[in-house]
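Take the points one at a time and find each piece as you read.

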Amino acid sequence: MTKDQPQKPDNFSLPSHAQVVIIGGGVIGCSVAYHLTKLGWRDVVLLERSQLTSGTTWHAAGLIVSGFSTETTIEMAKYTRDLYQRLGDETGQDTGFYANGYMQVANNPERLYSLRSRADFCRAYGVNTEEISAAEVKKIWPLFCTDDLLAGFYTAEDGRTNPVDTTIALAKGAKMGGTLILEETEVTGINHEKDRVTAVVTNKGKIQTEYVINCGGMWAREIGKMAGVNVPLHAAEHYYLVTEPIEGMHRDLPIVEDPDLYAYYREEMGGLLLGLFEPVAGPWGMDGIPKDFSFGEIPPDWDRLMPYLEKAMTRIPIAKEAGVHTFFCGPESFTPDMGPLMGEAPELKNFFVAAGFNSLGILFGGGAGRVIAQWIVDGYPPVDVSEINIDRLMPFQNNPKYLHDRVVELLGWQYISWPNLQPETARSTRKSALYDRLAEAGAYYGDSVGWEYPDWFAPEGVEPRVEYSWGRQNWFEYVAAEHKAAREDVILMDLTHMSKILIQGGDAEKVLNRICANNVAVPVGRIVYTQWLNERGTIEADLTVTRIAADIYLLILVDAAHNHALKWLKQHIPPEAHVFVTDITSGYNIINVQGPKSRQLISSLTGVDMSNEAFPYLTMQEIDIGYALVKALRITYVGELGWELYVPTEFTLHVFDALVEVGETVGLKHAGFQALNTLRIEKAYRDYGHDIDNTDTPLEVGLGFFVDFGKPGGFIGREALLRQKEKGILKHRLVQFLLEDPEPLLYGSEPIYRDGELAGYVAGGGYGYTLGGAVGLGSINNEGGVTADYIKSGSYEIEVVGVRYPAIASLRPMYDPKGIKVRS
């Protein structure tokens, strides 16, 4: 919060070798070093181009908040808070942490719903978030205007820390463990050989190394470029104002956030610190971050910020009468989807990244350092990394213009909270060949890793525009009609964004059978659903594998798993193997035709026999449609008879037009991804990254049927999974739930109670239009084991904004449990 120079750690000469080199001396870099030494890795060097904390750490507001809405973020935040409390005793350097409390306020029903929902989840994870009345808010913060408030949400254990002191404490702890910290040491290059990092080049010489960790903050993108690694983040202006002392302001007042004013408030030197995350931000550093930018500030744009400041000051009217002590503008870096960038880069082995914390680096600092350290030492992450793994993003998302255009709206996302929230900037570029046709048909488009995908379709004459709400959004009935058409007639859906990878070569079967848990040594034309596992038996990828020819396989995965899959293949295909990997995602569009009348529709357009006998479930054939040759895969993610049609891009519109023309005779309806989710969740189909993740084994999430323990040669993770199977105890199982009351909605993160005791939480939710209520998939936990009898013997409730609703639980799909429809 001040420009006081931090105490400088001792500097020594540059070593010629280190096991680990960390680049960046902010809170993240120092935390990673600290945690590596705690795990016994002593040969660690941390390089800082200027002085510790001199980038963005020094001017952070120091808010320490533990309440989040996902398991990974809440665990990282809780651990950070607890670490900062005890770190001073361990190192002799006080962090300045003070538990003065934290509060968010709601001034409208939608915000109240959002905060209540998050509070439910927080309490389930041991964060004591208490809902209090507006009168109680006023009692805690007498200077607050509470006339329009509906409630506050208060966590007494949270508070604030001194960012500089905290970082120095971490650095001191790292030094005590053996880390060498070198300031005024600029990294000028990264060396690598055979796709593995080998050395870091500095202005003082070269260090040979086994691991590099890029903790460069807003410089992380430039550091990544030195290694050929994409680190998509962009700096933006971030503002706070500090007033002169105000009577009634004191250190014990809790931090307060008013999300609908895009503002946070806390005491600073007897005055008020008012910070903003405005919805239209100012990008900064478009030409690169200046090399000499150290403890730097940006000239503030008063005119742009004044409307937001004036609105934020209405919450504390007396602040308008106080003098301004400081009006600060400094840079913070933001990522395209507002998730941190952590983990091993897909482009370069042993090059790790821990950056892009979206102005929450201090808040996540301790937890992020621990996660990265364990990831490196153990060889796998200790948490679900779906929302933080750097390999989820695509190379084009590192383009300067894309980042510049997207960052404008990202600051405001700190306080914007809606189900199915879609970005508005840097859009409409990565499109399937069907984009214009479907837009004409009323598609509302969402964004996934840059792909435009149809989310739902508006009826004729209705503008496809979303009206965000925590209740039934304006498309709820539109999706009901799409859902009904899939169950009773036939739908057409664009799945082009799915990742498509071709594996070819004489060793393709042997190599894939080692990587896949299921057996892919199948006849040509067979489709195999499988998972990829790591050595501990948990899931790295969830995919289908189709044997196109004796030496050719087609892999289909979700788009966000694209880079991870390519990296996994690169790391697990032996160098001597005759195997070639080709990304063919852009070469094919996927037209998904599903529903009881799908056979009738496709049969009318092809000469191929589409009958059940000639074209059974989980097989592929090449068929003719019009002038095109199409790979037709009989598979479903909605629980009905259907085919995915893989159409060469240049033939896509031709095939689409033929399907739509004939489809008029059988009631064909367009459908989007909201319908896909409601359909698949009724059938209890898993969604990797939501219902299941890298911390689950197939046995725990009901996918053991797709594991072939007896196939020749085994598979990666077999031994660990076999031990779990032989032990016979699963401490958690994924279960399908249906709310008995048809009114509440499930979005995910809702606590699940068994016989009145907390037993888990909903991982993914949707509305079961056929089943007649909200449906969720969630894990039930029990140290003594979760058996089928254990599930059946309990009574269940799911908490939705403070109300517990009775729910039906089932290990089998509630819709078509015997799979008759998909095989019809």
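Predicted model: local features only at pLDDT ≥ 70, side-chain atom pairs only at ≥ 80, totals over all residues.

1. Start with the open sheet. Eight strands make it up, in the order β5-β6-β4-β13-β14-β15-β12-β16, and the pairing is mixed. β5 (129-132) and β16 stand at the edges with a single partner strand each, so one side of each has no neighbour in the sheet. From one strand to the next, the twist averages 20°.

2. Now look at the β5 end. Strand β6 (residues 151-155) runs antiparallel to β5, and four bridges join them. Which residue of β6 is the bridge partner of T129? That would be T155. In general, strands of a sheet pair through backbone hydrogen bonds, either parallel or antiparallel.

3. Helix α3 (residues 109-124) lies across β4 (102-106), β5 and β6, and runs at about 145° to β4.

4. Next, find G67, in the loop between β3 (63-64) and α2 (71-91). Is G67 buried or exposed? Its relative accessible area is 6%, and buried means under 20%, so G67 counts as buried. Leaving aside neighbours within four places in sequence, G67 is in contact with R118, C122, V127 and D158. G67 and T129 are 62 residues apart along the chain, yet their C-alpha atoms are separated by 7.7 Å.

5. Helix α7 (residues 302-313) is worth a look down its axis. Its buried residues are L305, L309, A312 and M313. What covers them includes β12 (234-243), β14 (263-268), β15 (271-276) and β16 (324-334).

6. Last stop: strand β33 (residues 751-754). P751 and Y753 point one way, I752 and R754 point the other way, and all are buried.

7. What does β33 pair with? Four bridges join β33 to strand β34 (residues 757-768), running antiparallel, and P751 has Y761 as its bridge partner there. These two strands form a hairpin with two residues between them, and D755 in the turn has a positive phi of about 50°. Strand β36 (residues 796-800) is also antiparallel to β33, joined by three bridges, with E797 as the bridge partner of Y753.

Note on methods
Residues numbered from 1 in each chain as written. Heavy atoms only, no water. Buried < 20%, exposed > 50% of the residue type's maximum accessible area, 1.4 Å probe, protein only. Contact = heavy atoms within 4.5 Å. Pairing = 2+ DSSP bridges. Axes fitted to C-alpha atoms, helices over the stretch in contact; angles between N-to-C directions.
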